[in-house]
Amino acid sequence: MRRPYPGRLTVGLIAVVAIVALTSCAPGNESGDTSESGNRAAAAPSTDPRKEEASESALAAYAGYLAASRAAESVPDYQHPDLRKYLADPLLTRVRLAIRDVKDHGAMRTGSLVSDPTVTFVDLDAVPATVSIQDCLDGTDYKLVYAKTRKEVPGTASGRYVATATATLYPDGRWLISAGASHADQPC
């Protein structure tokens with residue numbers, strides 16, 4: 001017997017519901033391009049090449065996180081190997097638990113998640129160094145459905161909202177996304 005799925009968005013699915021589906025909603029994308037390949041990842045202007053490099057690396061990690069989350073949720077597989085490539089704890093554990101919850105309820109994600117991230121702050125003097133990212137996620141076409149019937153799970157519809165993330169520089173030189181939050185009360 002299938003257990004009913006709770007009618008809430010799991011915080012760990014930030015970009016996974018967030019966590020991830022695009023019509024651009026940030027200013028400056030007048031092109032109207034809403035394809036995933038058309039997403040822009042604009043970094044905050046900086047004259048410091050180290051900050052520019054950190055911004056680019058953090059945005060690459062964020063894009064990898066969203067792609068890995070989408071892949072893991074479509075199966076669903078909370079042990080998906082790409083999650084570790086782009087995520088670190090505590091966010092890694094939260095995302096895995098959220099994906100396991102989806103799987104345990106016989107659900108999965110379908111569709112696309114649109115993202116338009118920007119770097120809002122770079123702190124290379126922090127230990128460890130961090131980059132703050134703000135995104136406008138559009139989950140309008142990113143649906144939580146029952147795996148067997150492909151019918152949408154009631155109460156899980158999503159729209160456009162602000163999501164934030166923190167990329168952290170680890171001792172091995174990798175930028176990983178270690179924190180994130182969705183702000184469903186802040187449309188974009």
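Buried, here, means under 20% relative accessible area, exposed means over 50%, and partly exposed is what falls in between (1.4 Å probe, protein chains only). This is a predicted model, where local features need pLDDT of at least 70 and side-chain atom pairs count only at pLDDT 80 or more, while totals for chains, interfaces and linings use all residues. Residues are numbered from 1 along each chain as its sequence is written, and side-chain values use heavy atoms, with hydrogens and water left out.

**View 1. The whole chain, end to end.** The protein chain has three helices and six strands. Of the 188 residues in the protein chain, 43% are buried.

**View 2. Helix α3 and what covers it.** Which residues of α3 are buried? They are L91, L92, V95, R96, A98, I99, D101 and V102. The cover over the buried residues of α3 includes α1, α2, β1 (107-111), β4 (142-146) and β6; contact here means heavy atoms within 4.5 Å. The length of α3 checks out too: at 1.5 Å a residue its 14 residues should span 20 Å, and its end C-alpha atoms are 20 Å apart, which agrees. That expected span is 1.5 Å times one less than the number of residues in the helix. After α3 comes G106, with a positive phi near 70°.

View 3. The 26 residues of α1 should span 38 Å at 1.5 Å a residue, and the end C-alpha atoms of α1 are 38 Å apart, so the two agree. α1 lies across β2, β3, β5 and β6, and runs at about 45° to β3. For such angles, axes are lines fitted to C-alpha atoms (for helices, over the stretch in contact), and angles run from 0 to 180 degrees between N-to-C directions.

**View 4. The four-stranded sheet.** In what order do the strands of the open sheet come? The order is β2-β3-β5-β6, with antiparallel pairing. β2 and β6 are the edge strands, each pairing on one side only. From one strand to the next, the twist averages 20°. Two strands count as paired if DSSP finds at least two bridges between them. β3 and β5 have nine bridges, in the antiparallel sense; look for I133, whose bridge partner in β5 is A165, and for S132, which stands opposite T166 in β5.

View 5. β5 and β6 run antiparallel and are joined by eight bridges. Among the partners in β6, L176 goes with T168 and G180 goes with A165. Five residues sit between the two strands of this hairpin, and G173 in the turn has a positive phi of about 90°.

**View 6. Two nonpolar cores.** A nonpolar core is a set of buried Ala, Val, Leu, Ile, Met, Phe, Trp, Tyr and Cys residues joined through side-chain atoms within 4.5 Å. The largest one has 29 residues, and Y62, V131 and I177 have the most contacts inside it. At least two residues of this core come from each of α1 (49-74), α3 (91-104), β2 (118-123), β3 (130-138), β5 (160-169) and β6 (175-183). α1 gives the largest share of this core, nine residues. Apart from that core lies another, of five residues, with V102, A107, Y146 and V153 among them. In soluble globular proteins, nonpolar side chains tend to be buried together.

View 7. Most residues other than glycine have a negative phi, and most peptide bonds are trans. The bond from V75 to P76 is cis, with omega near -25°, and P76 is in the loop between α1 and α2. The bond from D89 to P90 is cis as well, with omega near 15°; P90 is in the loop between α2 and α3. R150 is not a glycine, yet has a positive phi of about 65°, and its place is the loop between β4 and β5. Another proline, P81, lies in helix α2 (residues 81-86). Is P81 buried or exposed? P81 is exposed, because its relative accessible area is 57%.
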